[in-house]
Amino acid sequence: VQRVHALHAHRLLHRALEMAKEIGDKNRAAWALGDLGLSARDQGDNEKAVTYFLEGLAFARESGENRSVGVCLFNLAESYELARDLDTSRELWEQGLSLFRGEDDKTHVAWGLEGLAGAAYLSGDFKGAIQSHLESLKIKAEVMDKLGLAYSFEGLAQVAAAEQEPERAA
């Protein structure tokens, strides 16, 4: 059943992409490609996801919509992180963060910092991971992102566990 739903969603997203291209709406094309990328990644095809995200990034840049560009960068960063290309992942997180900081988009800055923390954690940079998680946590508290706060606490607990500090992790 889940596979049938995924195929149906895939067809609908491709149709949305076609329609966006037909009317010349590059921003909507970028979002459709982003959703196709997320769907591909959810189905276990990270390589295809990267292809969709890169194409979406090109459309987003052409549209001039910074939010679309930043979200594409973050989606790519997550995919490269999954592929364990942590240098590329970190670079993409930083590019997106720079863009969202320039827009003063605190919610996306917090998301980017969390992603950057994940890349630091995976590369064994626990100090950097803690720093990014704490900065993200502060912003999430400021914007009252309760679910985001939980993710930050979970990330900090992971780092504490990796540093063999079970009491701090708890």
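The following legends describe close-up views of a predicted model.

**View 1. Packing of helix H2 against helix H3.** Helix H2 covers residues 26-42 and helix H3 covers residues 46-63. The two pack at an angle of about 165°, and their axes lie 8 Å apart. Because angles over 145 degrees count as roughly antiparallel, H2 and H3 are described as roughly antiparallel to each other. Their crossing is left-handed. On the H2 side, the contact is made by Lys26, Asn27, Ala29, Ala30, Leu33, Gly34, Leu36, Gly37, Leu38, Ala40 and Arg41. On the H3 side, the contributing residues are Asn46, Lys48, Ala49, Tyr52, Phe53, Glu55, Gly56, Phe59, Ala60, Glu62 and Ser63. By class, this contact has 11 nonpolar, six polar and five charged residues.

**View 2. Helix H6 and the helices that cover it.** Helix H6 (residues 106-122) has 17 residues, which at 1.5 Å a residue should span 24 Å. The C-alpha atoms at its ends are 24 Å apart, in agreement with that expectation. The buried residues of H6 are His108, Val109, Ala110, Gly112, Leu113, Gly115, Leu116, Ala117, Gly118, Ala119 and Ala120. What covers these buried residues includes helix H4 (66-82), helix H5 (86-103) and helix H7 (126-143). H6 is followed by Gly124, which has a positive phi near 85°.

**View 3. Helix H7 and its buried residues.** The 18 residues of H7 should span 26 Å at 1.5 Å a residue, and the end C-alpha atoms of H7 agree with this, being 26 Å apart. Buried in H7 are Gly128, Ala129, Ser132, His133, Ser136, Leu137, Ile139 and Lys140. These buried residues pack against H6 and helix H8 (146-162). Just after H7, Met144 takes a positive phi of about 60°.

View 4. Ser132 has a relative accessible area of 10%. Buried means under 20% relative accessible area, so Ser132 is classed as buried. Residues up to four places away in sequence aside, Ser132 touches Leu113, Leu116 and Ala117. Leu113, Leu116 and Ala117 are themselves among the buried residues of H6.

Note on methods:
Residues numbered from 1 in each chain as written. Predicted model: local features only at pLDDT ≥ 70, side-chain atom pairs only at ≥ 80, totals over all residues. Heavy atoms only, no water. Axes fitted to C-alpha atoms, helices over the stretch in contact; angles between N-to-C directions. Helix = DSSP H or I, 4+ residues; strand = E, 2+ residues; numbered from the N terminus. Parallel < 35°, antiparallel > 145°, perpendicular 65-115°, else oblique. Left-handed = near helix turned anticlockwise from the far one by under 90°. Contact = heavy atoms within 4.5 Å. Nonpolar A, V, L, I, M, F, W, Y, C, P; charged D, E, K, R; others polar. Expected span 1.5 Å × (residues − 1). Buried < 20%, exposed > 50% of the residue type's maximum accessible area, 1.4 Å probe, protein only.
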